[in-house]
Amino acid sequence: MRRFMRRTSLVVALLVSLAAVVTLVASPGGASSHHHGDNHVVNIPDTDKFVPFHLTINAGDTVTWVNSDTDKHSVVSDDAFNDAGHNGLVHIILGTDDNNGQNGTFTLEFDHPGTFVYYCMFHAKLDTDNQPIAPGPDGGIQDNNGNFGTPMSGVITVVDNQNQNEQ
Ligand SMILES: [Cu+2]
């Protein structure tokens with residue numbers, strides 16, 4: 001029993017020191033493969049749209065959605081056209097009505113190049129060809145004539161940052 005205990009604590013001690021070494025080795029490597037991430041903002045005003053519609057960012061950057069509308073909105077990605085990570089994402093961003101008067105926010109980090117196409121499930125939906133369309137008279141962006149047809153969607157293009165790291 002004693003012997004077993006001693007052996008066990010030796011193994012534990014070895015594992016702890018191994019973990020420490022792995023941590024030391026891993027952190028500088030992780031820092032150099034990503035540039036210092038910039039944060040980009042996509043605003044959601046009270047007109048049911050993402051502003052800007054399209055963003056180009058570097059791998060390692062973050063994007064923060066800021067919902068200043070009273071209504072809640074959402075960021076939903078579909079695997080059919082998303083190769084930038086966060087596949088199958090469904091995230092609701094509260095509006096000021098449900099968030100004590102404060103803007104709802106949501107931040108994602110994008111770690112590798114690709115395209116992130118997203119839409120709001122309340123103000124857009126996907127058609128049979130996986131294209132965002134307005135869900136009906138109560139959704140999408142209506143023009144002055146009452147027509148609807150612009151779905152609430154957006155695109156983030158994530159590019160490789162290797163060249164910038166070398167500068
Ligand atoms: Cu919405």
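This is a short chat about a predicted model of a protein chain.

Me: Which ground rules apply here?
Reply: The model is predicted, so local features need pLDDT of at least 70 and side-chain atom pairs pLDDT 80 or more, while totals for chains, interfaces and linings use all residues. Residues are numbered from 1 along each chain as its sequence is written, and side-chain values use heavy atoms, leaving out hydrogens and water.

Me: How many helices and strands does the protein chain have?
Reply: There are 2 helices and 10 strands. These are DSSP runs, numbered from the N terminus: helices are H or I with at least four residues, strands are E with at least two.

Me: In what order do they run from the N terminus?
Reply: The order is α-β-β-β-β-β-β-β-β-β-β-α.

Me: New topic. How many aromatic pairs are there in the whole structure?
Reply: The search finds 6. Rings of Phe, Tyr and Trp (its six-membered ring) pair if their centres lie within 6.5 Å; planes under 30 degrees apart are stacked, over 60 edge-to-face, the rest tilted.

Me: Why is the pair of Phe50 and Tyr118 edge-to-face?
Reply: Their ring centres are 4.7 Å apart and the planes sit at 65 degrees, so the pair is edge-to-face.

Me: What does that pair tie together?
Reply: Phe50 is in the loop between strand 1 (39-44) and strand 2 (54-58), and Tyr118 is in strand 7 (residues 114-119), so the pair ties together parts 68 residues apart in sequence.

Me: Is Phe50 buried or exposed?
Reply: Phe50 is buried, at 4% relative accessibility. Buried means under 20% relative accessible area, exposed over 50%, partly exposed in between (1.4 Å probe, protein chains only).

Me: And Tyr118, buried or exposed?
Reply: Tyr118 is buried, at 0%.
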